[in-house]
Amino acid sequence: MPPSSLETDQRWMRTAIDLAAHGLGATWPNPSVGCILVRDGRVIARGVTGRGGRPHAETEALRLAGTAAAGCTAYVSLEPCAHVGRTPPCADALVKAGVARVVIACGDPDPRVSGRGVRRLRLAGIEVTEGVLRQEAERDHAGFFARVRRGRPMVGLKLATSLDGRIATATGESQWITGPQARAYGHHLRATHDAIMVGSGTGLADDPALTCRLPGLEGRSPVRVVLDARLRLRPDSTLATTAWRTPTWLFTAPGYDRTAARVLIDQGVRIEQVPAAATGGVALVPVLARLAERGITRLLVEGGAVLAASLMREHLVDRLHLLRAPLLIGGDGVAGLAPFGVRRLDDARRWRFVAERVLDNDRLVELDALGHH
């Protein structure tokens, strides 16, 4: 088999990564992986991780290819698994199918897999190339990596503000600062995250639905998470009355009203107690740990200013999605972030620009916290 050029490998790997991106938000607790089987410059079959994490991308692509998989090159966005779970190892499936070469974007940090998938392929005589478009793949797998390595989901914070960082006027008017394209992007973000989190203040003030309402993606609404230390969520709120349809998890602090909790539980709201934070509210690290235990890998935070500031204060935000509308509201408007204690520039967290684009008349900027993928 002639050696493949790096340029060719990158082109096919980008296809596998793009394919995997379609599953973001739908495969937790597993990562969304893409697999492309290629022979003689054309795709024989492709697979992506199924909803809820099964089937795996490699087994789906091999199933579709059948005997045509023999002699192919497999492009996979994450190291094939090497452990027996609910399905046999994907590394074994690739060996059994007779693929000639496997190109992998990045390794799997899960200790049951890490390096073992690659070793199993090489021991079977399969040529393996690693690290093709590694950074791109690691960015998409950041949620899975955070859950494995840090015991919490990747946290993305979405802020839609005026040019001067305001989310409402002095009278509280906020609908709509950004335009239709920016709001559609916000719904796309919801579809690509496992869970969406708000504080109780946002739940009370806005009565949000926190669902994805993009045509064709209505079934991709994330788990809704409410931080409500004093259990103030109203039984007639949209979040409570639709909990039977869209999972709604509420985290509260010790001493909550058991009678009020019973009403919400009867409506389908899942209530969990975590320690209270010293500054008020609920402690954030235990909430994130509990979400990871439940399988959540990608968490989107939408509101409000106090919750966003609390996460920033504790350096718990990994990714920023900043939507800026071309208007100025002024210093008497409501800030997108409450104070969070930065006294010196050295204390301020630095960010890396990842992408920037215009959405109609608004501007989207995506940034990653330095030190994280």
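Biologist: Is D40 buried or exposed?
Modeller: In this predicted model, the relative accessibility of D40 is 76%. The exposed class begins over 50%, so at 76% D40 counts as exposed.

Biologist: What is the phi of D360 near?
Modeller: D360 belongs to the loop between β15 and β16, and at 54% relative accessibility it counts as exposed. This residue is other than glycine, but its phi is positive, near 60 degrees.

Biologist: The peptide bond from W28 to P29 has what omega?
Modeller: Most peptide bonds are trans. P29 lies in the loop between α1 and β1. The bond from W28 to P29 is cis, with omega near 10 degrees.

Biologist: Where is P55 found?
Modeller: The peptide bond from R54 to P55 is cis as well, with omega near -5 degrees. P55 is part of the loop between β2 (42-48) and α2 (57-65).

Biologist: Which strands are at the edges of the open sheet of five strands?
Modeller: The order of this sheet is β2-β1-β3-β4-β5, with mixed pairing. An edge strand pairs on one side only, and that applies to β2 and β5.

Biologist: Which residue of β3 does C35 stand opposite?
Modeller: Strands of a sheet pair through backbone hydrogen bonds, either parallel or antiparallel. β1 and β3 (73-76) pair in the antiparallel sense over four bridges. In β3, the residue opposite C35 is V76.

Biologist: At about what angle to β1 does α1 run?
Modeller: α1 lies across β1, β2, β3 and β4 (101-104). α2 also packs on the sheet and touches β1, β2 and β3, with its direction at about 135 degrees to that of β2. For α1 against β1, the angle is about 145 degrees.

Biologist: Which residue of β16 is the bridge partner of R352?
Modeller: β15 and β16 run antiparallel and are joined by eight bridges. Across this pair, the bridge partner of R352 in β16 is D368.

Biologist: Which element gives the largest share of the lining of the largest pocket?
Modeller: The largest pocket has a volume of about 1,000 Å³. Its lining has 35 residues, and K158, S174, W176, D206 and E302 lie nearest the centre. The elements giving two or more residues are β6 (154-162), β7 (166-168), α7 (180-191), α8 (200-206), β12 (298-303) and α12 (305-313). The largest share, five residues, is that of α7.

Biologist: How many charged residues has the lining of the largest pocket?
Modeller: By class, 18 residues of this lining are nonpolar and eleven are polar. The charged residues number six.

Biologist: How many charged residues are in the lining of the second largest pocket?
Modeller: The volume of the second largest pocket is about 750 Å³. It is lined by 26 residues, with A21, L24, R139, D140 and E366 nearest its centre. Elements that supply at least two lining residues each include α1 (6-21), α5 (134-140), α7 and β13 (319-325). The lining divides into ten nonpolar residues and six polar ones, and the charged residues number ten.

Notes
Residues are numbered from 1 along each chain as its sequence is written. This is a predicted model: local features need pLDDT of at least 70, side-chain atom pairs count only at pLDDT 80 or more; totals for chains, interfaces and linings use all residues. Side-chain values use heavy atoms; hydrogens and water are left out. On a 1 Å grid over the protein atoms alone, a cavity is a set of points where a 1.4 Å probe fits but cannot get out, and a pocket is an open set with protein on both sides within 12 Å along at least five of seven lines; lining residues have an atom within 4 Å of a point. Grid points are joined across faces, edges and corners, and a volume is the space filled by probe spheres set on the points. Ala, Val, Leu, Ile, Met, Phe, Trp, Tyr, Cys and Pro count as nonpolar, Asp, Glu, Lys and Arg as charged, and the others, Gly among them, as polar. Buried means under 20% relative accessible area, exposed over 50%, partly exposed in between (1.4 Å probe, protein chains only). Two strands pair if DSSP finds at least two bridges between them. Contact means heavy atoms within 4.5 Å. Axes are lines fitted to C-alpha atoms, for helices over the stretch in contact, and angles run from 0 to 180 degrees between N-to-C directions.
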